[in-house]
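Here are my notes on the three-chain model you sent over, as numbered points. Have the structure open while you read.

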Amino acid sequence: MARIVAFLTRTRAGKGRMDWTDWVTYGYLLFGIVLMFGPVAWLLLSSFKTGAELERFPPRLLPVAQDTLVVESYDEPLPLFKMIAGDQEGRTLAQIRRVGLIAQMVDPAEPETRLKVNVADREPIERIAFAWNNYTDLFERLNFPLYLWNSTAITLTATAIMLVINSMAAFALSKYKFRGKLTVLALVIGTLMVPGTVLLVPTFLLVSQFGMVNTLWGVIIPGAATPTGVFLLRQYMITIPDEILDAARMDSASEWKIFWRIIIPLSAPAIAVLAILAIMWRWNDFLWPLIVLSENDKFTLQLALNSFQGEFLTDWEKLLPATVLTLLPVAIVFMFLQKYIATGIASTGGK
Amino acid sequence: MKYTRLIGAFMLSAAFTAPAAAQEIRFMCNDEPFCKVLDDLFTGFEAENPGVDVVTDIVSYDVVLKNLPVQLAAGEGPDMARVTDLGGLNEYYIDLAPYVDRGYWEDSFGDTLDWYRVGADDDGIYGMHGDFTITGAYINKTLFDQAGVEIPSADADWDTWAQAATAVAEATGIEAAMAMDRSGHRIAGPAISYGARIFDENGEPILVDDAFQEYVQKFVDWNNDGVMLRDVWAGAGGGSYRDAGAEFINGTLAYLFSGSWQTLNFDQKIGDLFDWQVVGSPCGAGGCSGMPGGSGIVGFKHTKHPELVAKLIDYLAQQDVYAELTSRTRSVPAHYGVAAAGVDYQDVSAPAAAALNAWGAQVEKLSPIAFAYQGYKNNRAMFNITVQRVTQAVVGEYSVDEAMERARDDLATVLAETAK
Amino acid sequence: MLKLLNPIMRLVEIPFLLVQKRLGIGMTAWLFLAPNLALFSLFTFLPIILNFSYATTGGEAILLRDRPDVGFQNFGNLLECENVLDPSSCRNDLFWRAVWNTVWFVVFQVGIMVIAALATAIVLNRKIRARGLFRGVFFFPVLLSPVVVALIWKWILQRNGLLNAGLESLGFETINWLIERHWAFFWSTFISIWAHMGFYTLILLAGLQAIPQDVYEAALMDRASPWRCFRRITLPLLSPTLLVVLVLALIKGVQTFDEIYAFTGGGPGSATTLIMQFIYETGFGVQPRLLGVAAAAAIMLAMVLIFLTALQFWINRKKVDG
């Protein structure tokens, strides 16, 4: 036992036992996990609950559903209750219908006799059960593979285009001296200050002029030249020593080769970061696709899941699984790219 | 090689190129169950007109409300749509008059045709009112029974209802006695029942008058006394919509002022948890009026097939098709012929049938002011102003006087801007 | 994989070679800029120019040719105020409420977030087990879409939510978190910090890792306290990174929209209505669509941001020079 404690409390530096700062550190990290993952885990658990269970207060941790049984001469499975008081105490009955405080029940063994009982005299027979039909219902209503394909097509194409043209521009703005450079740079940084949301209408009118409404290109093209991307990459490329470029020029490499063979590989961490950010932006993009794409067969996943938001209803039972479905792909990408995200952002932001 | 092939296939994928069927009609629709029924009815039309393909695009309500107008202004958008901003989009509608039997349409739809027109001298036929909705209240009858409180009579006023509901809440220990959807459309009915005129003698909108303010004052007080569930109105800002349907379904409300569209939802969700009942609109000096509403199906001018679109809408307007639509969507018909013949709602439960009948009986109580308000082209702006300013009074950012003064100023601004 | 791209690259190289030979290296820079600049001009810069046209026209028409010229009336109306500190005295009270909400929101959000991010970065920079995992944990919320962030927290904070259940089981009164204006504002700030802190934490972590270890070891020899180490070594050496973080956090903070809009809808009343929501609702969200007023507000917002950013860089330059 003592050895286990010793093992657990051994610090990586190996300088001995944990001191108070280590305890504070791990306490903080534990708190961090609960705070950062807890809400998402709660969402995930809740998305498997039935409508009745969602409305329950106080909520229970795990999804629970009532047992049901198909009783002779009734089409639908009936919910089961255990009688805890009254005349029928101890029996297991199925409910036919409830009217206010009185419920019509039936004993599954003798389906002919209807019994009237007080609802306070019984308690439901429940067990832990995941309401998978919250999800299967969604899949039935939505052409899921199509929307997934649209989302993926937009995300990948847009990210690829964005990476190529942003890194080219960043290269020009970081490694060349030419007239007008400052103006371009000022424009790029200046537009960082104008959020896209305020430009929805004019941008839509332009996209419509190009006939890109209701095409995936209408979503891909306008966002490709992000100032943020150019800015991020430029800040990184500035730190690449000019000597490397000069040496390459001595070997009479073309400017394009310098860009493609030298700058791109050297900027890989920054490009990886931008790639992750771009994937995330595009995947989560909502307001812009919502206005450009209004035909169902062009919908992205986000739009499809939003499309059953009616005029009058908020329905947690549908909203929660829909939310889980949108964040699932992001979570998977995150798990695979987690290492790069951490190291990559770290190495660009700091410069 | 594999990659290039893949990229090639990717570029050519249907998603990137707009398909060009010979006679494709795109129909934008909000509210999935309703749209599915319509889509099903379209197949009848497609069978009669070979080569025509009607595609239903189901979108969220926000798209119809916010994005569709921008799309239309840019000359984009669907060929036809199910809309709720009836008069506001008039400039884009196809006038169906040349394509349809005017007599039949006027006999069948009468007043609702006006909602799609811009002024008194406009006699175009622009849209088919697909479902007629009416605002009013539901009560949780089981809670009333449990509390032993007598349900107020049909001509009871708001104070009587508030007292009764409060008594129920106290006896049964539920969260709040009453709630009203957060919407300028919802609060308009009660205000009109209290004598609000909304328009002046010349038919110009005024929105706020003494009677309107009187009702708002009551409403704000109820929110602060805990009679009304505060969450609904105070729970949002701007013009956002909120409802208390979930609370009613949970049995934590005795009285909910909402509208006829909730019938099917309540029927499905409440099941036999408790008995519920439609009680319509409480009365006041101005009558016992709710607000009429609903959505209509319209065609847009920019379509390549105006004749076909007109024909399709006319097809839906035929009595048998319309009756099927009403019956399957459990809505109140706006078609006089269908209403007169009575709707046979298929496989509907007893409480839902009772509720639909109760809503039908409310129609005759609607005030002419309510009809005029629903048909006024800037009514959405006025609804938004109401929601915004009344909420500020509820949360205490303004007194009721100040809030109503602001509402008058807002309306003046709107009228000045729309006149430009 | 990259080899597959070689033929394409050779094709792309041709125009670059041509320009390089005929017009010199300077012009190739423009060629590199061209694709980005073309799209940028069309879909970012041109809309901004159009936005100026919208700002000086009135009415609710969407197409510019249908909109009457009103000069600077939209700006004037927004700024018309007896006392800017009291929104109720302004012609457009909602604008000023949104402005002040945004000011307070940014002060708290940026302030607390940067401090929390710094603390987290310092913790993550210690010699701990599973550092990669913990780094990921704090970064994870950054990947979530704003609407998802809002929904997750709304679900926890609603009247019958997890937090109230916890409070009740501990014997406290439950609180209607999003209905009480101060709590709604608190939680709006909180979820915004929750969602974005990880991004800044990683940037700061990189800054920390760039500080040479021997500086600390020297300080340890002098038996300097941890606090002194932080004040005298960490903070000064980290200040360039802190500047980047502050500038970015400020710009993004002022532009906060989707998550709060989906979270509280700006309510209760206008307690959490931020400036971006005002712009969105005025120009797009509700009728009548006053695109001119929204555009005017957007332009003023951008000018304030440019000024604030320039100020931060200027302060930093003075520090570096001095």
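1. Let me start with chain A and how far its contacts reach. Taking the contacts in chain A between residues at least 6 apart in sequence, 68% join residues at least 24 apart. Keep in mind throughout that this is a predicted model. Chain A holds 15 helices and eight strands, and 39% of its 351 residues are buried.

2. In chain B, 74% of the contacts with a separation of 6 or more come from residues 24 or more positions apart. Its secondary structure comes to 19 helices and eight strands. Of the 420 residues in chain B, 55% count as buried.

3. What about the overall dimensions of chain B? Along the principal axes, the C-alpha atoms of chain B fill a box of roughly 70 × 60 × 50 Å. The radius of gyration of chain B is 23 Å, which agrees with the value near 22 Å that a compact globule of 420 residues would have.

4. Now the contact between chains A and C. How many residues does each chain bring to the contact? Chain A puts in 70 residues and chain C puts in 80 residues. On the chain A side, the elements giving two or more residues are α2 (20-46), α5 (144-175), α6 (181-191), α7 (200-209), α11 (255-266), α12 (268-284) and α15 (316-349). Of these, α15(A) gives the most, with 14 residues. By class, the residues of chain A that touch chain C divide into 49 nonpolar, 17 polar and four charged.

5. On the α2(A) side the contact is made by A:Pro39, A:Val40, A:Trp42, A:Leu43 and A:Ser46, and on the α6(C) side by C:Ile152, C:Trp153, C:Trp155 and C:Ile156. The contact of α2(A) with α6(C) has eight nonpolar, one polar and no charged residues. If you want to check the helix faces yourself, an α-helix has 3.6 residues a turn, so residues three or four places apart point the same way.

6. Back to α15(A), for one residue in it. Is A:Pro321 buried or exposed? A:Pro321, which sits in helix α15 of chain A, has 26 C-beta neighbours inside 10 Å and therefore counts as buried. Setting aside neighbours within four places in sequence, A:Pro321 is in contact with A:Ser47, A:Asn134, A:Tyr135 and A:Leu138. A:Phe139 lies 182 residues from A:Pro321 in sequence, with 11 Å between their C-alpha atoms.

7. The buried residues in α7(A) are A:Leu200, A:Val201, A:Pro202, A:Thr203, A:Phe204, A:Val207 and A:Ser208. Just after α7(A) comes A:Gly211, with a positive phi of about 65 degrees. α7(A) is also among the elements of chain A that give two or more residues to the side touching chain C.

8. For chain B, have a look at a strand pair. Strand β5(B), residues 176-180, has five of its five residues buried, so it is largely enclosed by the rest of the structure. β5(B) pairs with strand β6(B), residues 253-259, in the parallel sense over four bridges. B:Met180 has B:Phe257 in β6(B) as its bridge partner.

9. B:Asn224 lies in helix α9(B), residues 210-225, and counts as partly exposed, with 15 C-beta neighbours inside 10 Å. B:Asn224 and B:Trp161 are 63 residues apart in sequence and 17 Å apart, C-alpha to C-alpha. In chain C, C:Ile203 is found in helix α8(C), residues 181-209. C:Ile203 counts as buried, with 24 C-beta neighbours inside 10 Å. The C-alpha atoms of C:Ile203 and C:Val245 are separated by 7.4 Å, and the two residues are 42 residues apart along the chain.

Technical notes:
Residues are numbered from 1 along each chain as its sequence is written. Chains are lettered from A and ligands numbered from 1 in the order in which they are written. This is a predicted model: local features need pLDDT of at least 70, side-chain atom pairs count only at pLDDT 80 or more; totals for chains, interfaces and linings use all residues. Two residues are in contact if their C-beta atoms, placed from the backbone, lie within 7 Å. Ala, Val, Leu, Ile, Met, Phe, Trp, Tyr, Cys and Pro count as nonpolar, Asp, Glu, Lys and Arg as charged, and the others, Gly among them, as polar. A residue is buried if 20 or more other C-beta atoms lie within 10 Å of its own, exposed if 12 or fewer, and partly exposed in between; C-beta atoms are placed from the backbone. Two strands pair if DSSP finds at least two bridges between them. The radius of gyration is taken over C-alpha atoms; the globule rule is 2.2 Å times the number of residues to the power 0.38.
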